[in-house]
Amino acid sequence: MSLERPLQELPSLSENLESSLLGSQRSKRPKRPHAACLDAENTPQELIQNWSPPHKHQRVADKGKENEENVFILARRPRKRRDSLGVCWDHLPDELLLRILSCLSLRDLLRTSRVCKRWHQLSFDESLWQSVDLEGKVRLGNALGQVLSAGTQRLRCPHTSIGEPGFTHKEPLRVQHMDLSGCTVSADVVYDIISRCAQLQNLSLEGLALSDGILQSLAQNPQLVRLNLSGCSGFSSATLAQMLQSCTRLTELNVSWCDFSNEHVKAVVSNVTPSVSQLNISGYRQNLTMEDLRCLVERCPSIVHLDLSDSVLVTIDSFPILQQLSSLRHLGLSRCYQIHPAALLEFERFAELQTLEVFGLVQDAHLPALMKELPNLRLNSQRFTPIARPTPSGRGTSGTSGTGTSAAMWGLPCSLVYRL
């Protein structure tokens, strides 16, 4: 077959393709002479373009004065394949997203929760809210209820103003370690929180006004190990005794400087669990008697750390009683003014005793001489006792370190930390 016929039909094919693909306006353009097509290459570029099927439907711009000589072809760029864009966030499994979210700070985690519904649900997964430090938050209300309802097990928010938590359910809270020291909060709000707790192990309510209902709720936490009620008030001695009888696993108890009468003191020494190893019962001046001390030693022979500071009725007659505590390592007798400084030499007989706090009994000028007489004891090493306190820094609970990390609460750090 001759090749001339197909070559002769190329102009007509080109014209038909132009009219079908580009419209009638393109077909009105002057046709090139047949000779010009023959002089070109065997496969002209214009014919290749016309023969090739377009990837996208092309449109010709409207003809105007500015387009009388040139025709512009409008076409969309083909979309890139999804495979070339990498892995999409939506395709990541929940387990991997939760691992990524666990590396965020509290502020960033809350911002992430606003991205979409799925991320909001993942951001409040209980695995991310195991431990929260809200110290420095000026006021807590509904936010506290949301944090506790998210499954938080460790909560630290000392020196904070707490309003109504606004719980939306009546299910028990999972919190096990909680520090509410020095908060500005009503007894009703504290009761609303404590009454929902049944798994508490460490609790600090230092400086708060409490109620009998709160102590009755504490009695529903048999796993309580450390309890700090220093400076608390508002509950009766009978309720205190009932709570101590129920909390049989207590190892550290701080009831110093509470609004106690002698009946309250007797409730402590007569009902505290015999297994307690650290007890701070300081600050009761004339309400703690020698008889109370004798009752305490007989009931709790395993005490390791005992603070009797500011008990003016404690005299040198207490030394033989205290010597019955074979495990006693740390003793506080600060400002027990019935004890003469010279009588402190008797503590050389306490073979296991390591530290002795006698602030206010010995003048600073005489302290070096006493240290020479008692070389095996550390004198006045701690002004404030760390018994049952969440942080061992004394009365002030210093919140954070210079590195921006959370202070450990009973040796347990918090992963989500609030920062201004």
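Which residues are buried in helix H5 (residues 94-101)? In this predicted model, local features need pLDDT of at least 70 and side-chain atom pairs count only at pLDDT 80 or more, while totals for chains, interfaces and linings use all residues. Residues are numbered from 1 along each chain as its sequence is written, and side-chain values use heavy atoms, with hydrogens and water left out.

The buried residues of H5 are Leu97, Leu98 and Leu101. These residues lie on the same side of H5 because they cover an arc of only 100° around the axis. The arc is that of the directions from the helix axis to the C-beta atoms. Buried denotes under 20% relative accessible area, exposed over 50%, and partly exposed the range in between (1.4 Å probe, protein chains only). Helices (H or I, at least four residues) and strands (E, at least two) are DSSP runs, numbered from the N terminus. On the face of H5 turned away from its buried side, Glu95 and Arg99 are exposed. The buried residues of H5 pack against helix H6 (106-112) and helix H7 (117-123).

The loop between H5 and H6 contains Leu104, which is partly exposed at a relative accessible area of 27%. When neighbours within four places in sequence are left aside, Leu104 is in contact with Leu109, Thr112 and Leu416; contact means heavy atoms within 4.5 Å. The C-alpha atoms of Leu104 and Ser415 are separated by 9.5 Å, although these residues are 311 residues apart along the chain.

Trp89, Leu96 and Ile100 make a nonpolar surface patch of about 280 Å². Patches consist of residues with over 30% relative accessible area and no salt bridge, with like charges joined within 9 Å and nonpolar side chains (Val, Leu, Ile, Met, Phe, Trp, Tyr) within 5 Å. A salt bridge is a side-chain nitrogen of Lys or Arg within 4 Å of a carboxyl oxygen of Asp or Glu. Accessible areas come from the Shrake-Rupley method with a 1.4 Å probe, and for residues only the protein chains shown count as cover. Trp89 is located in the loop between strand E2 (73-74) and H5 and is partly exposed, at 46% relative accessibility.

Backbone angles were also examined. Most residues other than glycine have a negative phi. For His159, however, phi is positive, near 55°. His159 occupies the loop between strand E5 (154-156) and strand E6 (161-162) and is partly exposed, at 47% relative accessibility. Trp410 likewise has a positive phi near 55°. Trp410 lies in the loop between strand E15 (378-379) and strand E16 (416-417) and is buried, with a relative accessible area of 12%.
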